[in-house]
Structure formats: C-alpha cells, structure tokens
Amino acid sequence: MIKTLVPEGHLFVLTDGLSKPSSTIRQLHSRISVSRDPQDPLPLLFTPSDKSITRGLNAAGDDLADAIVSYLEMMPRTQARPAEISFCGIGLGGLVVRYAAGILLSGGPQGPTIARMKPRNLVTVFTPNLG
C-alpha cells in the first residue's frame with residue numbers, strides 16, 4: 001500500500017457524477033475509510049440524486065457544494081476542521097467537482113480557499129472536459 005504524507009484534517013471528496021456510485025469509486029472510498037491513521041484524509045463520497053442529474057451538471061455541482069458545507073457543519077466541535085481539501089471525480093464526476101470547487105472558491109490574504117480550506121488537488125479521470 002502506498003502512503004503519502006497528508007496533513008491531519010484533509011478532506012478528500014470523491015464522486016463519479018452518477019446516482020449510483022461505480023464499484024471503482026466505492027472501492028476507493030472504502031480503502032480510505034478503513035485506514036483511519038491521522039495521516040489519512042477524511043473521505044466524503046458524494047452521490048448526486050436522480051433529480052440533480054436530470055436538472056444538469058450545475059445542479060449536481062450545487063448539491064455537492066451544499067454537501068461539503070453540510071458535512072463541515074455536522075462535524076463534532078471536538079474534531080479539528082480539515083485544513084485542506086482535494087477532489088477526485090471520475091467521468092461526469094470530474095465536471096461536478098470542478099463546478100463545485102468553483103462555487104466554493106474564494107480569495108483572501110492567505111491565498112485561494114475552498115470552503116475555508118486550502119485547495120490541494122483536483123483530479124479528474126475520464127472526464128469529458130471538452131464535450
């Protein structure tokens with residue numbers, strides 16, 4: 001198993017943009033969830049609803065942005081808020097994470113942040129970026 005150094009409090013958002021997550025994204029989520037070493041990221045698996053998919057990718061992106069904010073608000077106060085955030089989108093999920101990151105992106109004196117976290121990675125795999 002390959003380990004990378006990930007600072008404590010790193011939120012890792014996964015989606016494939018479909019209403020039923022693929023086995024690939026579920027397996028990746030479970031592997032991250034099983035190992036709860038403080039160096040490992042906090043995984044968030046996002047599955048858009050059928051309604052948001054039929055309304056378009058921007059609706060799914062809005063739903064993902066809302067899910068991230070809700071996830072952070074529901075964290076126990078005793079748990080440290082993640083300092084960094086990364087996204088991994090497979091297929092249409094790449095468009096969804098890109099849209100959500102754009103919604104949550106804001107600037108500040110410390111540089112750009114996404115939902116008050118430092119952006120670390122945005123990875124898209126098999127994403128139709130050019131249509």
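**Helix packing and loop residues in the predicted model**

At a relative accessibility of 12%, Ala115 counts as buried, the threshold for burial being under 20% relative accessible area. The model in which this residue is described is a predicted one. Ala115 is located in the loop that joins β5 and β6. Its phi is near 55°, a positive value in a residue other than glycine. Arg116 occupies the loop between β5 and β6 as well, and it too has a positive phi, of about 65°, although it is not a glycine. Most residues other than glycine have a negative phi. In contrast to the buried Ala115, Arg116 is exposed, because its relative accessible area of 67% lies in the range over 50%.

The protein chain as a whole contains 4 helices and 6 strands. Read from the N terminus, these elements follow the order β-α-β-α-α-β-α-β-β-β. Of the 131 residues in the protein chain, 39% are buried. Among contacts with a separation of 6 or more, 75% are accounted for by residues 24 or more positions apart in the protein chain.

Two of the helices, α3 (residues 57-74) and α4 (residues 92-104), pack against each other, with axes that come within 8 Å and cross at roughly 60°. The arrangement of α3 relative to α4 is therefore oblique, and the crossing of the two helices is right-handed. On the α3 side, the contact is formed by Leu57, Asn58, Ala60, Gly61, Asp62, Leu64, Ala65, Ile68 and Val69. These residues meet Leu92, Leu95, Val96, Val97, Tyr99, Ala100, Ile103 and Leu104 of α4. Classified by residue type, the contact of α3 with α4 comprises 14 nonpolar, 2 polar and 1 charged residues.

The span of each helix was compared with that expected at 1.5 Å a residue. For α4, with 13 residues, the distance from the first C-alpha to the last is 19 Å, close to the expected 18 Å.

The buried residues of α3 are Ala59, Ala60, Gly61, Leu64, Ala65, Ile68 and Leu72. Their cover includes the strands β1, β2 (42-45) and β3, together with the helices α2 (50-55) and α4. Within α4, the buried residues are Gly93, Gly94, Leu95, Val96, Val97, Ala100, Ala101 and Leu104. The elements covering them include α3 and the strands β1 (10-15), β3 (84-90), β4 (105-106), β5 (113-114) and β6 (118-125).

Asp16 lies in the loop between β1 and α1 (23-34). With a relative accessibility of 4%, Asp16 counts as buried, since burial requires a value under 20%. When residues up to four places away in sequence are not counted, Asp16 touches Pro21, Ser22, Ile25, Ile90, Leu92 and Gly93. Among these partners, Leu92 also takes part in the contact of α4 with α3, and Gly93 is one of the buried residues of α4.

Methods. Residues are numbered from 1 along each chain as its sequence is written. This is a predicted model: local features need pLDDT of at least 70, side-chain atom pairs count only at pLDDT 80 or more; totals for chains, interfaces and linings use all residues. Side-chain values use heavy atoms; hydrogens and water are left out. Axes are lines fitted to C-alpha atoms, for helices over the stretch in contact, and angles run from 0 to 180 degrees between N-to-C directions. Angles under 35 degrees count as roughly parallel, over 145 as roughly antiparallel, 65 to 115 as roughly perpendicular and the rest as oblique. A crossing is left-handed if the near helix is turned anticlockwise from the far one by less than a right angle, and right-handed if clockwise. Contact means heavy atoms within 4.5 Å. Ala, Val, Leu, Ile, Met, Phe, Trp, Tyr, Cys and Pro count as nonpolar, Asp, Glu, Lys and Arg as charged, and the others, Gly among them, as polar. The expected span of a helix is 1.5 Å times one less than its number of residues. Buried means under 20% relative accessible area, exposed over 50%, partly exposed in between (1.4 Å probe, protein chains only).
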